[in-house]
Amino acid sequence: MSKGLKITYIVFAVILAAAIAGTVIIFTAPASQTVEIISGGEVLYTLDLPRTADKTIRVEQGGSYNIIEITDGKIHVSEADCPDKTCVHMGFLRGGAPIVCLPNRLVIRYVQGGAVDAVAG
């Protein structure tokens, strides 16, 4: 294989990788920065993350709890009393996947379909 053909393959591979990365970023980016905190099927808070000051929220459900932190426009579960702590290990909410704590019936997700007029809480 000639040197020119190798360079062509390398350039093609770099372009392909950049296209795939760009597609993944575009399709996993949330449509909005508004999130809902849902406990037991009930929306407790609707927050516009860029406009929400840093704070800590304690959510209790059936004697169990989750501590949710909002820092620099990002949200995550910092503490929970569930047995596996999967919600804590999920880290900050990003992309389309919600943060879920099944034992404590907690869901943190991006709001689909647009902005919200008010902040609940």
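# Strands, core and cysteines of a predicted model

Strand 6 and strand 7 run antiparallel and are joined by three bridges. Two strands count as paired if DSSP finds at least two bridges between them. Helices (H or I, at least four residues) and strands (E, at least two) are DSSP runs, numbered from the N terminus. The model is a predicted one, in which local features need pLDDT of at least 70 and side-chain atom pairs count only at pLDDT 80 or more, whereas totals for chains, interfaces and linings use all residues. Residues are numbered from 1 along each chain as its sequence is written, and side-chain values use heavy atoms, with hydrogens and water left out.

**Overall arrangement**

The protein contains two helices and seven strands, which follow the pattern α-β-β-β-β-β-α-β-β along the sequence. Of its 121 residues, 28% are buried; buried means under 20% relative accessible area, exposed over 50%, and partly exposed in between (1.4 Å probe, protein chains only). Among contacts (heavy atoms within 4.5 Å) with a separation of 6 or more, 36% come from residues 24 or more positions apart.

Four strands make up an open sheet with antiparallel pairing, in the order 2-1-7-6.

Strand 7 (residues 106-110) pairs with strand 1 (residues 34-39) in the antiparallel sense over five bridges, and V107 of strand 7 is the bridge partner of I38. L106 of strand 7 is the bridge partner of C101. The hairpin of strand 6 and strand 7 has four residues between the strands, and R105 there takes a positive phi near 55°.

In a regular strand, side chains alternate between the two faces of the sheet. Strand 7 has L106, I108 and Y110 on a covered face, and V107 and R109 on an uncovered one.

**The nonpolar core**

A nonpolar core is a set of buried Ala, Val, Leu, Ile, Met, Phe, Trp, Tyr and Cys residues joined through side-chain atoms within 4.5 Å. The largest has 19 residues, and I37, I68, I75, V77, L106 and I108 have the most contacts inside it. Two or more residues each are given to this core by strand 1, strand 3 (55-61), strand 4 (64-71), strand 5 (74-80), strand 6 and strand 7. Apart from neighbours within four places in sequence, I108 touches E36, I37, I68, I75, V77, L93, P98 and I99.

**Cysteines**

A disulfide is a covalent bond between the sulfur atoms of two cysteines. Here the criterion is a pair of cysteine sulfur atoms within 2.5 Å, and the structure holds zero disulfides.

| Cysteine | Closest cysteine sulfur | Sulfur distance | Relative accessible area |
|---|---|---|---|
| C87 | C101 | 3.8 Å | 1% |
| C101 | C82 | 3.7 Å | 2% |

Both C87 and C101 are buried. The sulfur of C101 is too far from that of C82 for a bond.

**The loop residue R94**

R94 lies in the loop between helix 2 (86-89) and strand 6. With a relative accessibility of 56%, R94 counts as exposed. Its side chain reaches the backbone oxygen of F92 at 2.9 Å. R94 and Q33 are 61 residues apart in sequence, and their C-alpha atoms are 9.9 Å apart in space.

Notes:
Polar contact = N/O pair within 3.5 Å; in protein donor to acceptor, adjacent residues only side chain to side chain.
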